[in-house]
Amino acid sequence: MRIRRYTAGIAAFLTVCGATMLLTSFKNAPQELKSAFKPEEHKYISYMEKPLKSENTWQIEPIRAVAAPKDEKPPHYEYTDSDVDMLAKLVYREAGACSADEQRLIVWTVFQRIDSTDYDFRNMNTIEAVVTAPYQFAYDETAPITEDIRELCVEELEKWVNGASPPTLEPYAPTLPYLFFEGDGYHGWFRAEW
């Protein structure tokens, strides 16, 4: 018991010493290093030590400054017209006779597979990769593109890239996530596992 207390005390002492040494070394740092660190500007600056040629001392030289991350989440996917067309063809083939709400669920199934960290979807990082994956969807590149389905796909893409959550719909997709579905051409039933 005494040994544990003794080692814990030593660890605490070393932690305090390390923090003191770090603060002391910052106080003694060159002015250019201190001026490069401006917390009010929210910049992250990387430094590299490099020997001076004329002296036997070390100089700290800034490499690059990077803007701090913003609070809002940036769009996590930049889609193209080709992505929209692929989604529209997929929706037409899988849910052309279904309601618009059920068609949205097909689109969000694709998005959830892209966002999924499941092993089965590890290589599906794009709309094309998900839609054209073998034995997954009834995608056909010769399928027609209707204007209403294409508009629906654009609306849902905008929601997804801006961080919206997938919709649920009773009784077809009552819970999240839904990565799989099966349907009869008139309705689809969505679920997390096959």
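Two strands are said to pair if DSSP finds at least two bridges between them. In this predicted model, strand 3 (residues 180-183) and strand 4 (residues 188-191) pair in the antiparallel sense over four bridges, and Glu182 has Trp189 in strand 4 as its bridge partner. Four residues lie between the two strands of this hairpin, where Gly185 takes a positive phi near 95°.

**Overall layout**

The secondary structure of the protein chain comes to six helices and four strands, and from the N terminus on these elements run α-α-β-β-α-α-α-α-β-β. Of the 194 residues of the chain, 26% count as buried. Among the contacts in the chain with a separation of 6 or more, 56% are accounted for by residues 24 or more positions apart.

**Helix 4 against helix 6**

Two packed helices are described by the angle between their axes and the distance between the axes. For helix 4 (residues 100-115) and helix 6 (residues 147-161), the axes come within 10 Å and cross at roughly 45°. That angle makes helix 4 oblique to helix 6, and the crossing of the two helices is right-handed. On the side of helix 4, the residues that take part are Ala100, Gln103, Arg104, Val107, Trp108, Phe111, Ile114 and Asp115, and they meet Ile149, Leu152, Cys153, Glu155, Glu156, Leu157, Lys159 and Trp160 in helix 6. The residues of this contact divide into ten nonpolar, one polar and five charged.

Gln103, which has its place in helix 4, is buried, with a relative accessible area of 7%. Not counting residues up to four places away in sequence, Gln103 touches Val91, Ala95, Gly96, Cys98, Ile149 and Leu152. Of these, Ile149 and Leu152 are listed in helix 6 among the residues that helix 4 meets.

**A buried tyrosine in a loop**

Tyr77 is placed in the loop between strand 2 (58-67) and helix 3 (81-95), and at a relative accessibility of 13% Tyr77 counts as buried, because the cut-off for that class is under 20%. Leaving out residues up to four places away in sequence, Tyr77 touches Asp83, Asn125, Thr126, Ile127, Trp160 and Val161. The C-alpha atoms of Tyr77 and Ile127 are separated by 9.6 Å, although the two residues stand 50 residues apart along the chain.

**Backbone features in the loops**

Most residues other than glycine have a negative phi, and most peptide bonds are trans.

| Residues joined by a cis peptide bond | Omega |
|---|---|
| Glu170 and Pro171 | about -5° |
| Leu176 and Pro177 | about -10° |

Pro171 lies in the loop between helix 6 and strand 3, and Pro177 is likewise found in the loop between helix 6 and strand 3.

Tyr135, although not a glycine, has a positive phi of about 60°. This residue lies in the loop between helix 5 (127-131) and helix 6, and Tyr135 is exposed, with a relative accessible area of 85%, whereas Tyr77 counts as buried at 13%.

Methods
Residues are numbered from 1 along each chain as its sequence is written. This is a predicted model: local features need pLDDT of at least 70, side-chain atom pairs count only at pLDDT 80 or more; totals for chains, interfaces and linings use all residues. Side-chain values use heavy atoms; hydrogens and water are left out. Axes are lines fitted to C-alpha atoms, for helices over the stretch in contact, and angles run from 0 to 180 degrees between N-to-C directions. Angles under 35 degrees count as roughly parallel, over 145 as roughly antiparallel, 65 to 115 as roughly perpendicular and the rest as oblique. A crossing is left-handed if the near helix is turned anticlockwise from the far one by less than a right angle, and right-handed if clockwise. Contact means heavy atoms within 4.5 Å. Ala, Val, Leu, Ile, Met, Phe, Trp, Tyr, Cys and Pro count as nonpolar, Asp, Glu, Lys and Arg as charged, and the others, Gly among them, as polar. Buried means under 20% relative accessible area, exposed over 50%, partly exposed in between (1.4 Å probe, protein chains only).
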